[in-house]
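Please have the model open as you read.

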Amino acid sequence: MLPHQIAAVKSSINNLGGALDSAWLCLCGALVMFMHAGFAMLETGCCRAKKASNVLMKNLVNVCCGTLGWWSLGWAFAYGGAAENGFIGTTGFFGTGFYTQDSTTGIITPAFCTAGATIVSGAVAERVKSPTYAAYALIMTSFIYPVVVAWTWGGGWLATVFDVSYMDFAGSGIVHLTGGVSGLAGTVVLGPRKGRFVNPEEFEPHNLPLVVLGTFALWFGWYGFNPGSTLTMKTGNDGALAAQVAMNTTLAAATGGITVFVLRYFITKKYDVGGLCNGILAGLVSITAGCGSMECGSAFATGLIGGFVYQGASMLLQKLKVDDPVDASPVHGFCGIWGCMAVALFDWGKGFDHYHGWSGWSCTPGSDGVSCKTGANGTGLGANVVMVLMIIVWAGLLSGISFFVLKRTRMLRISEEVEETGMDSHHHSPPKAYSLSAAPATAGAV
């Protein structure tokens with residue numbers, strides 16, 4: 001084959017690879033987008049009917065503000081050269097550089113983002129002012145979350161800590177812990193809903209069908225969230241890794257759900273559908289960090305332990321009288337921490353010696369670039385402990401300060417009157433999302 005023919009073949013292969021990557025990310029991005037429908041349904045069903053419209057609006061505004069925040073500032077802070085100073089990006093504001101094309105391969109550099117602000121929405125539901133939450137969502141997606149991404153996926157200082165770096169394949173820590181700890185800070189500052197721990201039966205989920213629908217939508221969307229984090233689909237190995245990720249995701253979700261379901265039955269002697277739903281989500285969050293570097297048996301163990309972590313955290317918050325309407329903090333925060341530990345503990349390297357981490361099917365190379373690095377499991381765990389601590393300090397502290405300042409200025413919480421009668425009737429048109437009353441009887445009906 002002549003040189004110009006070889007060049008033409010290489011160009012064709014590169015173009016095909018770029019097209020496959022773009023198609024893969026578009027598909028997975030659409031699945032992740034659908035997760036917002038799941039969040040909206042789950043949160044609405046968990047809250048009271050008199051605030052359903054407000055919860056739905058808050059989820060829609062969250063997506064809109066998050067999109068604008070990420071486009072204008074967030075992407076630049078996360079990926080705009082964060083590797084150069086180790087802390088934050090400085091280029092690419094307002095979409096500049098979204099389409100950065102490699103001069104050799106012609107492939108466009110992907111950018112993959114899911115903001116943690118939606119998680120916060122559930123934690124502070126039913127008592128935060130809507131304009132205030134919209135402003136917080138903008139701050140979260142344009143600064144708080146992007147800086148966490150800059151430290152990690154953006155190539156910042158956590159990507160170089162110790163000698164194997166952190167490991168978080170799809171975001172147990174980067175996405176879920178960031179949202180979970182921020183939500184916990186928000187709900188602690190806000191305080192519980194009026195009467196929440198006096199008449200708890202009045203605060204039970206008003207619509208379990210919506211909760212179940214939301215759970216299935218989130219589970220479905222997670223197949224974009226986790227397999228999509230491969231970011232590429234050019235080779236058989238890429239496809240095999242995405243398939244392994246999908247299998248691990250399914251196993252952990254099913255195991256987490258059954259674990260919490262059984263635990264709740266032993267505790268209450270009743271079937272708890274809401275607990276089953278949150279158990280599924282606990283398993284999903286727990287496996288998100290390690291789904292690309294675990295065997296299926298380890299995914300089962302991760303989901304099993306994740307179910308116990310969620311149940312314990314949920315009971316702890318109830319004991320402390322911390323009001324989290326959807327258990328967002330136990331699911332995303334506490335299980336996010338467990339996921340970051342599990343990815344190092346259950347890495348599928350040979351025994352406890354070889355460590356794969358970001359290397360996928362291959363071991364982490366040693367100093368010679370050929371042999372496998374040995375004794376790296378402990379180092380990998382240490383790196384993830386540092387990541388977890390820094391996310392808690394950064395996201396929890398900034399979110400807590402933001403909510404506290406807003407509270408002091410009386411811009412955070414709705415009035416007692418509005419909380420009692422419902423935000424829908426005071427601030428929304430129509431004044432209620434739907435009617436739960438029985439249809440009037442037809443004249444002459446028996």
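## Charges over rings

Lys 58 places its charged end over the ring of Tyr 133, 5.2 Å from the ring's centre. Here, "over a ring" asks that NZ of Lys or CZ of Arg be within 6 Å of the ring centre and within 35 degrees of the ring normal. Arg 196 lies over the face of Phe 197, with 4.9 Å to the ring centre.

A word on the basis: this is a predicted model, where local features need pLDDT of at least 70 and side-chain atom pairs count only at pLDDT 80 or more, while totals for chains, interfaces and linings use all residues. Residues are numbered from 1 along each chain as its sequence is written, and side-chain values use heavy atoms, leaving out hydrogens and water.

## Stacked pairs

The whole structure holds 22 aromatic pairs. The planes of Phe 216 and Trp 219 meet at 5° with ring centres 6.5 Å apart, so this pair is stacked (rings of Phe, Tyr and Trp, the last by its six-membered ring, pair with centres within 6.5 Å; stacked is under 30 degrees between planes, edge-to-face over 60, tilted the rest). Phe 216 is exposed at 55% relative accessibility, whereas Trp 219 is buried at 16% (buried is under 20% relative accessible area, exposed over 50%, partly exposed in between, with a 1.4 Å probe and protein chains only).

Trp 348 and Trp 361 are also stacked, because their centres are 4.9 Å apart and their planes at 20°. Trp 348 is buried at 13%, and Trp 361 is partly exposed at 40%.

## An aromatic cluster

One cluster brings together Phe 77, Phe 87, Phe 93, Phe 143, Trp 151, Trp 157 and Trp 394.
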